[in-house]
Amino acid sequence: MPLRVTFVAAARSSPLLAERFEDDRPLDTAGWDEVQRAAADLVPLAAAELRYCSPTPRSRATGDVLGYAPLVQLALRDCDMGRWRGLTLGEAMAREPEAVDAWLADPHAVPHGGESLLAFIARVGGWLDTRPVGDGDRIVAVAEPSVIRAALVYALKAPASTYWNLDVRPLSATTVTGRGGRWNLRLEGAPAQPSRA
């Protein structure tokens, strides 16, 4: 039986354009409201045998509000952004435009002194590949959107540059199925409604 790992993106802690690298802020009022509105769709995921979350305050709070009582996983932390930690992309660009350009263009680059994109993807992928088999086939993990993007690049064996083309919205759910090194993206939607003639 393949594992089914559903990633739930943490609710937001700031407006999208104010997102900061390695943001440690708690959920803002809009984030709390979003969790309440999304709860009906996401609470059933609490039936998963294993429930995890990123160590960020907003990931933990999102999981707790949804009734997951998730176990914090350090491997699901955001990318280590070194001296850019706490900055927005715009702030980093204003301070070090060439360094930001290098970071966006080269997945091996670490101009901020932290973790490369490739190392980040490998870390998250390593967590995915080491999920326990036999402890249950359903897993839910509340994580930062960046962590989910890294997991998807890893699961699909896509080029690292694909990371920049994935848009993971707050409180979206994304499922991969499989096990260690063999993962498939599972897209689910509402069943098709019969057409009326």
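Biologist: Leaving aside neighbours within four places in sequence, which residues is Ser 54 in contact with?
Modeller: Ser 54 touches Ser 59, Arg 60, Val 72, Gln 73, Leu 76, Val 142, Ala 143, Glu 144 and Val 147 once those neighbours are set aside, where contact means heavy atoms within 4.5 Å. Please keep in mind that this is a predicted model, in which local features need pLDDT of at least 70 and side-chain atom pairs count only at pLDDT 80 or more, while totals for chains, interfaces and linings use all residues. Residues are numbered from 1 along each chain as its sequence is written, and side-chain values use heavy atoms, with hydrogens and water left out.

Biologist: Where does Ser 54 sit, and is Ser 54 buried or exposed?
Modeller: Ser 54 is placed in the loop between β2 (50-53) and α2; helices (H or I, at least four residues) and strands (E, at least two) are DSSP runs numbered from the N terminus. Ser 54 counts as buried because its relative accessibility is 0%, given that buried means under 20% relative accessible area, exposed over 50% and partly exposed in between, with a 1.4 Å probe and protein chains only.

Biologist: And α2 itself, which residues are buried there?
Modeller: Arg 58, Ser 59, Ala 61, Thr 62 and Gly 63 are the buried ones in α2, and the buried residues of α2 pack against α1 (29-42), β2, β4 (138-143) and α6. Just after α2, Gly 67 has a positive phi of about 80 degrees.

Biologist: Which residues other than glycine have a positive phi?
Modeller: Ala 69 is one of them, with phi near 45 degrees, and Ala 69 lies in the loop between α2 (57-65) and β3 (71-72), where it is exposed at a relative accessible area of 55%. Lys 157 is another, with phi near 55 degrees; Lys 157 is in the loop between α6 and β5 and counts as exposed at 62% relative accessibility.

Biologist: What about Leu 71, buried or exposed?
Modeller: Leu 71, which belongs to strand β3, counts as exposed because its relative accessibility is 52%. Apart from neighbours within four places in sequence, Leu 71 is in contact with Arg 51, Tyr 52 and Cys 53, and the C-alpha atoms of Leu 71 and Cys 53 are separated by 6.0 Å although these residues are 18 apart along the chain.

Biologist: New topic: how do α5 and α6 pack?
Modeller: Two packed helices are described by the angle between their axes and the distance between the axes. Helix α5 (residues 117-129) meets α6 at an angle of about 75 degrees, with the axes 8 Å apart; the axes are lines fitted to C-alpha atoms, for helices over the stretch in contact, and angles run from 0 to 180 degrees between N-to-C directions.

Biologist: What do you call that arrangement of α5 and α6?
Modeller: The two helices α5 and α6 are therefore roughly perpendicular to each other, since angles under 35 degrees count as roughly parallel, over 145 as roughly antiparallel, 65 to 115 as roughly perpendicular and the rest as oblique. The residues that meet include Phe 120, Ile 121 and Val 124 in α5, and Val 147, Ala 150 and Tyr 154 in α6.

Biologist: How many salt bridges turn up in the whole structure?
Modeller: The search finds six salt bridges, a salt bridge being a side-chain nitrogen of Lys or Arg within 4 Å of a carboxyl oxygen of Asp or Glu. One of them joins Arg 12 to Glu 34, with the closest N and O atoms 2.6 Å apart. Arg 12 lies in the loop between β1 (3-9) and α1 and Glu 34 in helix α1, so this pair ties together parts that are 22 residues apart in sequence.

Biologist: Where are the partners of the Glu 49 and Arg 138 bridge?
Modeller: The side chains of Glu 49 and Arg 138 meet at 3.6 Å, N to O. Glu 49 lies in the loop between α1 and β2 and Arg 138 in strand β4, so the pair ties together parts that are 89 residues apart in sequence. Glu 49 is partly exposed, with a relative accessible area of 36%, and Arg 138 is partly exposed too, at 34%.
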